[in-house]
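Dear colleague,

Please find below the structure that I am handing over to you. A summary of the findings follows it.

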Amino acid sequence: IFMEYIIYCRKSTDESQQKQVQSISDQISKCIKFAESHWLSIALKPQNFPFESQNELIKEENEQDRYRKKIYDDYKHLFIIKESKSAKIPWKREKRSKLIKWVKKGKVKGIISYSPDRQSRNLLEGGEIINLVDQGLVDLKYSNFHFEPNAAWKMMLGIWFTLSKQYSDKLSEDCKRGIDSAVQRGR
């Protein structure tokens, strides 16, 4: 059965903070290479694409970094969702929520992401994704995580979501501890 996939990429921080500035372009590149090596077809971007704003398009058009600009230009015709929001708090990402609605309506059948933690870093959304797989509504592929829609791999996916949640929470705790320590030392 022929299936077209879409690509979903996410980074947590705002590009202006320069912490993950290349994250989205790197994810796109890895997902495209994965699709090519596994003979997976990426869907073309539909007209009136509801997953990007005019401001996002202008920002990509004016990208100064050659590497990122080339990736954005080379693949702008493909159905790629790029989201710059934290996945820590459930259902706060508009693009992801819209994507899930499209999956439930049968408009999207396959999703490629760099890794499961790009889709969820909380247990509620992670469980929702596993439930969509259980219902046969979506086929998931990851460029750095092998996944099959069976009991063992769904359990591994759930563990990955759990570990992503733990990582995110631990990072927050460590940052808070560092700030508290700096305040105590008078910095």
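Phe51 and Phe79 are both buried, where buried means under 20% relative accessible area, exposed over 50%, and partly exposed in between (1.4 Å probe, protein chains only). Please note that this is a predicted model, in which local features need pLDDT of at least 70 and side-chain atom pairs count only at pLDDT 80 or more, while totals for chains, interfaces and linings use all residues. Residues are numbered from 1 along each chain as its sequence is written, and side-chain values use heavy atoms, with hydrogens and water left out.

**Aromatic residues**

A search of the whole structure gives 8 aromatic pairs. Rings of Phe, Tyr and Trp (its six-membered ring) pair if their centres lie within 6.5 Å; planes under 30 degrees apart count as stacked, over 60 as edge-to-face and the rest as tilted. The ring centres of Phe51 and Phe79 are 5.7 Å apart and their planes stand at 45°, so this pair is tilted. The pair links distant parts of the chain, 28 residues apart: Phe51 lies in the loop between strand S2 (41-42) and helix H2 (54-61), and Phe79 in the loop between helix H3 (66-74) and S3. Helices (H or I, at least four residues) and strands (E, at least two) are DSSP runs, numbered from the N terminus.

Phe51 and Phe79 also belong to one aromatic cluster with Phe49 and Trp102. Over the ring of Trp102 sits the charged end of Lys107, 4.8 Å from the ring centre; the criterion is NZ of Lys or CZ of Arg within 6 Å of the ring centre and within 35 degrees of the ring normal.

Another aromatic pair, Tyr142 and Phe145, is edge-to-face, with 5.7 Å centre to centre and 75° between the planes. Tyr142 and Phe145 are both buried.

**Strand S3**

Of the 5 residues of strand S3 (residues 80-84), 4 are buried, so the strand is largely enclosed by the rest of the structure. S3 pairs with strand S1 (residues 4-11) in the parallel sense over 5 bridges; two strands pair if DSSP finds at least two bridges between them. Ile81 in S3 is the bridge partner of Tyr8.

**The chain overall**

The protein chain has 7 helices and 5 strands, in the sequence pattern β-α-β-α-α-β-α-β-α-α-β-α. Of its 187 residues, 42% are buried. Ile159, in helix H7 (residues 151-184), counts as partly exposed at 36% relative accessibility.

Yours sincerely
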